[in-house]
Each structure stands twice: as structure tokens, then as C-alpha cells.
Amino acid sequence: MNGIATTTTSWNAGVSRLVNPPRLVITKLARGATLGKPHDSDQQRRVLLATLNRLNDDAPLDHLILDEALDPQ
Amino acid sequence: MVMLENRDTWYTYFKDNWLAHYEATGETNFKIYQHPKNEHAPSGKGVTLSQSKLILITSAGGYLKNSQTPFDAPNPLGDYSLRTFPTSTPFSEIDFAHDHYDHAAVNTDPQVLLPLRHLEALVTEGIIGALHDMVISYSGYLPIATRTVDELYPEVLKLVNESGAQAALLVPS
């Protein structure tokens, strides 16, 4: 977007990598729960903050991979 | 910035395979769908988030259930329209029209896809400078990538540019 810094997060690493966005955070979460488990505010904030913090850096950035999942790994 | 590299090549393959199959049978077949692929990631300066206005863009299909028409979620060819609603909207007033994800999580806790209250808290905490008062919402089942580029994203870009935001967060479903 012209002059606008953008960031996104995705559980779908394969498709997201193909599109090649300027800032991307990849998780092991799932379709329909992109930011984390329902009512797990701590997890949702972790994913959100990791994604938002990328805005502080010039793009393009290497994709950041987070070990966040719906079930404990 | 090119949103869809090799556009003509992508569309030709799409038209001759996925679309031709759909038109012949009325069924979708994602085994013969080729996702768009960009070799180049856009470059751009970062921002100081704590001093910036952020706009939220969601592809979860959220809309105001009492005043807006739902997205055409059952449409096999997708719905390329958008809705906007205030970021202050109570979750009780929002529904989600998107047939391509399980709604169990978002029905339990909308913040798994629409982090409105989290973003408000981050503004209060000083992590985000400001949150634009409107959310840009669309339904993310968009198989015709050229329509996304030609119809949906010009409208998204117009709203983003009008918002005065310096940064955008996209939360896909």
C-alpha cells in the first residue's frame, strides 16, 4: 500500500510465503483461529504483538516463525 | 508495487483449469488451483508504532448483522465487496459470513480473528499510537485473484489512504 507499512500473520505458511508480503509472522495456529485459542488472551497478545512489532522495521523482512499452536507442542 | 506478478500467466492457467472445471461441472476443485506467487516482496520504511495510527483489515467476513448485508459466502466464485464498521463495535453486533473456515473458535471468542479489544488495550498501553476508528472487512474466499486486485483492493487502498493511517495490520481467517 502506497507509503503505508503493512504486517500480517498466518497459520498457512505455504500459501502466505507464495504471496510474499513485506512483513509476515507465521504460526502453527489454525484456520479460523489466526491469533490463538479462544479466550487465551495471553497467546492472542503474543501473536498480535509479534506481528505488530515488525512494523518498526523496514521491509522486506525475513518471515518470523512463532512456535504458537492451538495444542501444546 | 505489483500485487499479482505474472498476472496474465496466472489468469490463463486459472481460466483453463479451475474456472473451466467449475463452468463445466458446477463444482470447485482446489487440486487444480494455482495460488498466486510473487517473487518480490514489497519494500518500505518501518514506522514507530507507538507514534503511528494503525488501521485493521480483516478477511474473516465480519459485518454488522443488524444493518449490513452479509457477504455472499456460499458463492463458489467469491464475493469481492467490502464492509466497514467502527472498531468500537460490540462483538454482539458482528456476525461472520465466510463459508471456508470453521466458526467454532470465532463464535466463542471473536478476538481470535478480530482483535478489536486487544488493539484498544494496546493503544491505552501506548504500544500503538492510535487505532483508526473504522475496520476494513472482507470475506477472504477470493479464488479469482485478478478480481481481488481489480475490484477489492483498489477500494481497500482508497480507504486506507483516506484514513490517515501510517500502518496496517491484516488478520486473515
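Is Ala165(B) buried or exposed? In this predicted model, Ala165(B) turns out to be buried, because 23 other C-beta atoms sit within 10 Å and 20 or more are enough to count as buried. Ala165(B) is found in the loop of chain B that runs between helix H4 (145-163) and strand S7 (167-171). Setting aside neighbours within four places in sequence, the contacts of Ala165(B) are Lys53(B), Leu54(B), Ile55(B), His132(B) and Val160(B), plus Ile4(A) from the other chain.

As for confidence, chain B has a mean pLDDT of 96, with 99% of its residues at 70 or more. The model as a whole scores ipTM 0.95 and pTM 0.96.

Chain A itself is built from two helices and three strands, which follow one another along the sequence in the pattern β-α-β-α-β. A compact globule of 73 residues would have a radius of gyration near 11 Å, so the 12 Å of chain A agrees with that picture. Along its principal axes, the C-alpha trace of chain A spans about 35 × 25 × 20 Å. Some 40% of the 73 residues of chain A count as buried. Of the contacts in chain A with a separation of 6 or more, 51% link residues 24 or more positions apart.

A few backbone details in the loops of chain A are worth a look. Most residues other than glycine have a negative phi, and most peptide bonds are trans. The bond from Ala59(A) to Pro60(A), however, is cis, with omega near 5°. Pro60(A) belongs to the loop between H2 and strand S3 (64-69) of chain A. Asn20(A), which is not a glycine, has a positive phi of about 65°, and its place is the loop between H1 and strand S2 (24-28) of chain A. Asn20(A) counts as partly exposed because it has 17 C-beta neighbours inside 10 Å. His39(A) is another residue other than glycine with a positive phi, near 65°, and it lies in the loop between S2 and H2 of chain A. With 12 other C-beta atoms within 10 Å, His39(A) is exposed, since 12 or fewer is the cut-off for that class.

Back in chain B, the chain is divided into domain 1 (1-35) and domain 2 (49-171). The C-alpha centres of domain 1 and domain 2 of chain B are 26 Å apart. Where the two meet, nine residues of domain 1 of chain B are in contact with six residues of domain 2 of chain B. The domain 1 side of that meeting is made up of seven nonpolar residues, one polar and one charged.

How values were computed:
Residues numbered from 1 in each chain as written. Chains lettered and ligands numbered in written order. Predicted model: local features only at pLDDT ≥ 70, side-chain atom pairs only at ≥ 80, totals over all residues. pLDDT = per-residue confidence, 0-100. Helix = DSSP H or I, 4+ residues; strand = E, 2+ residues; numbered from the N terminus. Contact = placed C-beta atoms within 7 Å. Rg over C-alpha atoms; globule rule 2.2 N^0.38 Å. Domains from an automatic or database assignment. Nonpolar A, V, L, I, M, F, W, Y, C, P; charged D, E, K, R; others polar.
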